[in-house]
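Here is a quick walk through one protein chain, with a few spots worth a second look. Have the viewer open while you read.

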Amino acid sequence: MPQYTQNPPLDIADLDADPLAQLQRWLDDAGAAGMIEPTAMTVATVDAQGRPSARIVLFKGFHGEGFERGLTFFTNYDSRKGRDLAANPHVALVFWWDKVERSVRIEGRAAKLPREVSERYFHSRPHDSQVGAVTSRQSAVVRSREALDQRYAEQLAHYEGRGVPLPEFWGGYRVAPEAVEFWQGRHGRLHDRLRYRREGDGWLVERLEP
Ligand SMILES: Cc1cc2nc3c(=O)[nH]c(=O)nc-3n(C[C@H](O)[C@H](O)[C@H](O)COP(=O)(O)O)c2cc1C
């Protein structure tokens with residue numbers, strides 16, 4: 001690990017009162033620093049037996065109001081993560097931006113987005129990606145790559161020249177945060193960690209030991 005040196009000290013007074021506005025600032029910084037996928041975040045879920053699993057998805061903006069406002073991502077509702085979330089809505093999210101030596105951790109609850117929001121996003125994607133989403137039984141075992149390619153070719157032919165309806169099994173989630181931690185690397189392993197957690201009508205920000 002390098003000695004992290006590029007960040008000026010991070011103090012509570014530097015943070016936006018709203019953790020999601022602060023997150024947007026850091027996302028903008030990561031994008032400006034040339035990260036290829038600054039919106040890539042790890043999503044950890046637990047299954048009905050309490051066993052965790054994690055994978056990366058792309059953050060697709062905020063949705064909702066007040067404490068229900070949260071981070072959105074889109075996926076297959078019948079996937080492993082979708083099944084986990086149906087049994088237990090608690091999730092943890094992690095961003096890591098090496099170019100700016102920063103990370104954000106979020107804990108919260110996931111809820112499905114309204115269908116019209118998923119519809120709007122789904123239809124904003126390229127036609128072939130829409131067909132791909134319809135084709136993939138995400139997380140299921142598939143016999144071979146050829147079997148998948150063949151199913152995709154059939155669906156491409158089926159939908160050639162026409163719109164792809166949003167499948168029931170596909171859509172977005174919104175993760176409304178209960179805690180949001182901003183971490184940035186500092187010299188000598190004495191990193192800055194500032195965590196927002198909900199208290200009453202607002203957010204309490206505390207510094208954590210690195
Ligand atoms: C950079 C990157 C971005 C990804 N974005 C998404 C996404 O937005 N939605 C999604 O369902 N999967 C996305 N994936 C694939 C997931 O990591 C994962 O393979 C898939 O969602 C199946 O996970 P599951 O079986 O745990 O449900 C992405 C993978 C990478 C590496």
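Ser139 is partly exposed, with a relative accessible area of 44%. Keep in mind that this is a predicted model. You'll find Ser139 in the loop between helix 4 and helix 5 (145-158). Most residues other than glycine have a negative phi.

Glu101 also has a positive phi without being glycine, with a value near 55°. This residue belongs to the loop between strand 5 (90-97) and strand 6 (102-112). Is Glu101 buried or exposed? Its relative accessible area is 9%, and because the cut-off for buried is under 20%, Glu101 counts as buried.

Here are the two side by side:

| Residue | Phi | Relative accessible area |
|---|---|---|
| Glu101 | near 55° | 9% |

**The chain overall**

Zooming out, the protein chain holds 5 helices and 9 strands. Reading along the sequence gives α-β-β-β-β-α-β-β-α-α-α-β-β-β. Along the principal axes, the C-alpha atoms fill a box of roughly 55 × 40 × 35 Å. The chain has 210 residues, and 40% of them count as buried. As for contacts with a separation of 6 or more, 65% come from residues 24 or more positions apart.

**Helix 2 and its cover**

Which residues of helix 2 (residues 80-87) are buried? They are Lys81, Gly82, Asp84 and Leu85. Looking down the helix axis, these buried residues fall within an arc of 160°, so they line one face of helix 2. The face turned away from that buried side carries Arg83 and Ala86, both exposed. What covers the buried residues of helix 2? The cover includes strand 1 (40-46), strand 2, strand 4, strand 5, strand 6 and strand 7 (170-184).

**Around Trp26**

Trp26 sits in helix 1 (residues 19-32). With a relative accessible area of 2%, Trp26 is buried. Which residues does Trp26 touch, leaving aside those up to four places away in sequence? The list is Leu10, Trp97, Arg102, Ser103, Val104, Phe182, Trp183 and Gln184.

**The largest pocket**

Finally, the pocket. The largest pocket has a volume of about 330 Å³. Its lining is made up of 16 residues, and the closest to the pocket centre are Phe74, Thr75, Arg125, Gln138 and Trp170. Which elements give two or more residues to that lining? Those are strand 2 (52-58), strand 4 (70-76) and helix 4 (127-135). Strand 2 and strand 4 also turned up above, in the cover over the buried residues of helix 2. By type, the lining of the largest pocket divides into 7 nonpolar, 6 polar and 3 charged residues.

Methods
Residues are numbered from 1 along each chain as its sequence is written. This is a predicted model: local features need pLDDT of at least 70, side-chain atom pairs count only at pLDDT 80 or more; totals for chains, interfaces and linings use all residues. Side-chain values use heavy atoms; hydrogens and water are left out. On a 1 Å grid over the protein atoms alone, a cavity is a set of points where a 1.4 Å probe fits but cannot get out, and a pocket is an open set with protein on both sides within 12 Å along at least five of seven lines; lining residues have an atom within 4 Å of a point. Grid points are joined across faces, edges and corners, and a volume is the space filled by probe spheres set on the points. Helices (H or I, at least four residues) and strands (E, at least two) are DSSP runs, numbered from the N terminus. Ala, Val, Leu, Ile, Met, Phe, Trp, Tyr, Cys and Pro count as nonpolar, Asp, Glu, Lys and Arg as charged, and the others, Gly among them, as polar. Buried means under 20% relative accessible area, exposed over 50%, partly exposed in between (1.4 Å probe, protein chains only). Contact means heavy atoms within 4.5 Å. The arc is that of the directions from the helix axis to the C-beta atoms.
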